Amino acid sequence: MVSSSSPSVVFTVKWCEPELVAPASPTPHEVKQLSDIDDQEGLRYQLPIINIYRHNPSIEGKDPVKVIRDALSRTLVFYYPFAGRLREGHGGKLMVDCTAEGVLFIEADADVPLDQLGEALQPPFPCYKELLYNVPGSDGIVRCPILLLQVTRFKCGGFSVGIRVNHTMVDATGIVQFMNAMAEISRGSHQPSILPVWCRELLTARDPPRITCNHREFEEAKDIKEWETIIDDKNMIKRNFFFGPTEIASLRCLTLNQSAEHTGFELITACLWYCLVKALQLPPEKEVRMYCVVNARARFNPPMPIGYYGNVISFPAAVTTVEKLCENPFEYIVKLIKKAKAEPTEEYMHSLADLMVIKGRPLTTRAWSFLVSKVTRIGFRKVDFGWGNAVYGGISGDKIFGELTLMDCENANGEESVVVPLYLPANAMKRFAKEMDDLLRIPNQPTMSGQNKACSSMVTKPIQSVMDEEEEIPE
């Protein structure tokens, strides 16, 4: 039992003893290799997800814990590698030993109704560790449960589903596929409508491996110690920034001819990158990066098989100097983001897999760098266990400086919007908010240096239609 506090609420969660849930019927006992995209060092961590559901009077009397536990066991018959354990082979290569040992399941109860959580329902939740308990000794990469699931009942009849999964097994698209499979079985289906596909050999390094593309995300960083002095971990604060239809329209006005070719993701990311660099007061000669997490499933010919739930993501980098980023027109930043997003082709992904083998799974350069991902269209909120769509669904977790996630939500006016949780040192946060306000307050200013241009009359699109224009870019 533990108490959690946020600016608006203090509550207690009581956990039952964690249990292992195994597949409901016998499954193959075999060893499956992960791909060389799965296997990279930068994905060897646990991915935390929280979905929150309100009470539904139409299914009064059903216990979400029992419904979801039973569905989990039956879903594992199809997704049986999740019930196994990862182990390392030659050279640290990861593989799944399909032992059917099971996944960790936790039943829990919170002593508050959902409505009492107030702003704590905004991502990332300050109370996520209570809704997703870290069972001691369970969070390793090898020889540990691959997946942990916690269902927490609230006093109002609502509940949350917390999932923690080893990122080497799935990307965000893959885990939503698994969650939807479990949800379909919760609602009475005998099997998922999309059957899982393993086929990790599709992204295994070629023989012989060969790097054929430019992967600037793995270039060696310079002046790392200088970068570390800029990050004041002891004085880090969190704030959410919202982008609705009005903000998107204002950012579009900053581009040449208010071009409709730029997506909402590109406009928001360019805005964030500019404001971050200004807020941190970085030296003008420094080279800075913005990594875009790109889902490359649709970039293969033919496309990756429907049902493939492994990692098909990469981290292409937009690169420029601080001086160029701050002095060039806003359009310049947007085009850097657009160019980086377009880089992951089928050949690029094979080159990336080969690079992992040739260079020994290097990490991306983190100094003078930021990372952005978008989970607005992956479908976390649409996962329906029988109680309807989630009030909130998405990735949560500890604060990490420099990592930005675009998530869907409703703004104060009830409009579909994008929320970006941001962590910065307190003084930098003040400067960031001011830069953001200045940028959005002047919709007729197309350049960062102050050259004016009249902003033509625009139709403000709903935010969801703006974001839907672009390709899905999940983590």
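Let's start in the loop between β13 (294-295) and β14 (313-314), where arginine 297 sits; helices here are DSSP runs of H or I with at least four residues, strands are runs of E with at least two, and both are numbered from the N terminus. This is a predicted model, in which local features need pLDDT of at least 70 and side-chain atom pairs count only at pLDDT 80 or more, while totals for chains, interfaces and linings use all residues. Residues are numbered from 1 along each chain as its sequence is written, and side-chain values use heavy atoms, leaving out hydrogens and water.

Is arginine 297 buried or exposed? Arginine 297 counts as buried because its relative accessible area is 13%, and the cut-offs are under 20% for buried, over 50% for exposed and in between for partly exposed, using a 1.4 Å probe and protein chains only. Its side chain makes a polar contact with the side chain of aspartate 171, at 2.7 Å. A polar atom of the arginine 297 side chain also lies 2.9 Å from the backbone oxygen of glycine 310. For a polar contact, a pair of N or O atoms must be within 3.5 Å; within protein, one must be able to donate a hydrogen and the other to accept it, and residues adjacent in sequence count only if both atoms are side-chain atoms. Leaving aside neighbours within four places in sequence, the residues in contact with arginine 297 include Thr173, Pro303, Met304, Tyr308 and Val312; contact means heavy atoms within 4.5 Å.

## The chain as a whole

Zooming out, the protein chain has eleven helices and 19 strands. Of its 475 residues, 59% count as buried. Take the contacts between residues at least 6 apart in sequence: 82% of them join residues at least 24 apart.

The largest nonpolar core has 56 residues, and Phe82, Ile163, Ile175 and Phe380 touch the most other members. A core here is a set of buried Ala, Val, Leu, Ile, Met, Phe, Trp, Tyr and Cys residues joined through side-chain atoms within 4.5 Å. Helix α3 (residues 172-186) supplies the largest share of this core, with nine residues. Apart from it lies another core, this one of 54 residues, with Ile231, Phe241, Phe265 and Val322 among them.

## Helix α3 and its partners

Two packed helices are described by the angle between their axes and the distance between the axes. Helix α1 (residues 64-75) packs with α3 at an angle of about 115 degrees, with the axes 8 Å apart; the axes are lines fitted to C-alpha atoms, over the stretch in contact for helices, and angles run from 0 to 180 degrees between N-to-C directions. On the α1 side, Val67, Ile68, Ala71, Leu72, Arg74 and Thr75 meet Phe178, Ala181, Met182, Ile185 and Ser186 of α3.

Glutamate 184 is also in helix α3, and it counts as buried because its relative accessibility is 16%. Not counting residues up to four places away in sequence, glutamate 184 touches Ser189, Gln191, Pro192 and Ser193. The C-alpha atoms of glutamate 184 and aspartate 384 are separated by 7.7 Å, although the two residues are 200 residues apart along the chain.

## A mostly covered helix

Helix α5 (residues 245-253) is mostly covered, with seven of its nine residues buried. Those seven are Pro245, Ile248, Ala249, Ser250, Leu251, Arg252 and Cys253. Isoleucine 248 has a relative accessible area of 2%, so it counts as buried. From isoleucine 248 to threonine 263 is 15 residues in sequence and 9.4 Å in space, C-alpha to C-alpha.

Where are the cis peptide bonds? One runs from aspartate 207 to proline 208, with omega near 0 degrees, and proline 208 is placed in the loop between α3 and α4 (224-230). Another runs from asparagine 301 to proline 302, again with omega near 0 degrees, and proline 302 is in the loop between β13 and β14.

Alanine 100 has phi near 60 degrees, a positive value in a residue other than glycine. Its place is the loop between β7 (94-97) and β8 (103-110), and it counts as partly exposed because its relative accessibility is 29%. Tryptophan 368, in the loop between α9 (346-359) and β16 (369-374), also has phi near 60 degrees. Tryptophan 368 counts as buried, because its relative accessibility is 3%.
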